[in-house]
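Trainee: I would like to learn how to read a fold, step by step. Could you walk me through one?

Mentor: Gladly; let us look together.

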Amino acid sequence: MNAVEKKRIVVKVGTSTLTHKTGKTNIARMAKLASVLADLHNMGNEVVLVSSGAIGIGYTKLGLKKRPETIKGLQAAAAIGQSELMFLYDKFFGEYGVVVSQLLFTSDALRRSDGKKHLIDTFNQLFEYGSIPIVNENDSVSVEELSSGDNDSMSANVATLINADILILLTDTDGLYDSNPNENPDAQLIHTVEKITPEIESVAGGAGKNGTGGFITKVNAAKHAVSNGIPVVVTNGKKPTDIYKILNGEQIGTRFVAK
């Protein structure tokens with residue numbers, strides 16, 4: 001990517017990318033992601049990070065053996081984990097002199113014209129201040145994302161709200177396959193989706209171990225974003241440096257072409 005070409009980039013990272021199979025925080029991956037996004041910011045780009053992970057970090061910090069099964073348990077875990085999540089992001093981004101900010105809101109705010117206006121004003125002011133906004137669903141007061149989505153739909157809404165140039169969804173798979181790669185060793189990665197058809201939707205599904213969003217939520221998020229002119233790339237978050245390749249136009253993961 002040309003360093004002088006300013007872009008507005010939204011990156012969404014899921015719980016499965018931020019945590020190990022044990023459920024504990026993947027410190028090395030978080031640190032690397034922060035370094036890449038800080039570097040993109042230093043190039044002059046406007047970067048937004050939509051981050052899941054509060055519940056996963058929260059329940060492991062509590063010493064619980066598994067993810068809570070009740071809504072109130074999930075909300076409490078999110079309340080505990082969100083502070084830890086932001087502490088880590090503040091620490092990692094701070095090492096590169098980048099100021100992060102926290103935006104917690106619900107999809108209800110996006111349905112109101114005054115809520116949308118306030119959010120747009122806030123995002124624009126944060127960009128003017130040179131901050132990287134870190135967005136998450138306000139799980140303590142809303143249960144919409146707790147039951148489905150894992151912030152996939154939130155990231156598409158944010159990208160549309162701020163008129164982003166690209167939305168990148170980091171997950172625990174290499175992209176969208178023509179069949180389940182866990183069940184079919186001959187499954188082929190779909191590199192480009194020109195149009196989201198019922199056939200594309202039918203091959204999307206399943207959820208990661210520690211997250212709530214399966215691939216269908218990513219396809220639905222992509223459908224929303226591309227219909228608003230925003231290209232979407234879904235790829236494996238294990239190598240955050242792949243973001244550079246995506247922005248340079250290289251074939252990484254699955255790219256959903258904007259209309």
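Trainee: What percentage of the residues of the chain count as buried?

Mentor: Burial is a matter of relative accessible area, and a residue under 20% counts as buried. In this predicted model, 53% of the 259 residues fall in that class. The accessible surface of the chain is about 11700 Å², and carbon and sulfur atoms hold 50% of that area.

Trainee: How many helices and strands does the chain have?

Mentor: There are 11 helices and 8 strands. The radius of gyration is 17 Å, close to the 18 Å given by the globule rule for 259 residues, so the chain is as compact as a globular protein of that length. Its C-alpha trace spans about 45 × 40 × 40 Å along the principal axes. As for contacts between residues at least 6 apart in sequence, 73% of them join residues at least 24 apart.

Trainee: In what order do the strands of the sheet come?

Mentor: Read across the open sheet of 8 strands and you get β3-β4-β2-β1-β5-β7-β8-β6, with mixed pairing. The edges are β3 (100-105) and β6 (192-193); each has a single partner strand, so one side of each has no neighbour in the sheet. Further in, β1 (residues 8-13) and β5 (residues 166-171) run parallel and are joined by 5 bridges. Within that pair, V10 stands opposite L167 in β5.

Trainee: Which strands does helix α4 lie across?

Mentor: Helix α4 (residues 71-94) lies across β1, β2 (46-51), β3 and β4 (132-137), at about 155° to β3. Helix α6 (residues 113-129) also lies across β1, β2, β3 and β4, and runs at about 170° to β3.

Trainee: Is helix α8 mostly covered or mostly uncovered?

Mentor: Count residue by residue: in α8 (residues 152-161), 7 of the 10 residues are buried, so by the under 20% cut-off the helix is mostly covered. Among the buried ones are D152, M154 and L161. Just after α8, look for N163, which takes a positive phi of about 55°.

Definitions and conventions. Residues are numbered from 1 along each chain as its sequence is written. This is a predicted model: local features need pLDDT of at least 70, side-chain atom pairs count only at pLDDT 80 or more; totals for chains, interfaces and linings use all residues. Side-chain values use heavy atoms; hydrogens and water are left out. Two strands pair if DSSP finds at least two bridges between them. Helices (H or I, at least four residues) and strands (E, at least two) are DSSP runs, numbered from the N terminus. Contact means heavy atoms within 4.5 Å. Axes are lines fitted to C-alpha atoms, for helices over the stretch in contact, and angles run from 0 to 180 degrees between N-to-C directions. The radius of gyration is taken over C-alpha atoms; the globule rule is 2.2 Å times the number of residues to the power 0.38. Buried means under 20% relative accessible area, exposed over 50%, partly exposed in between (1.4 Å probe, protein chains only). Accessible areas come from the Shrake-Rupley method with a 1.4 Å probe; for residues, only the protein chains shown count as cover.
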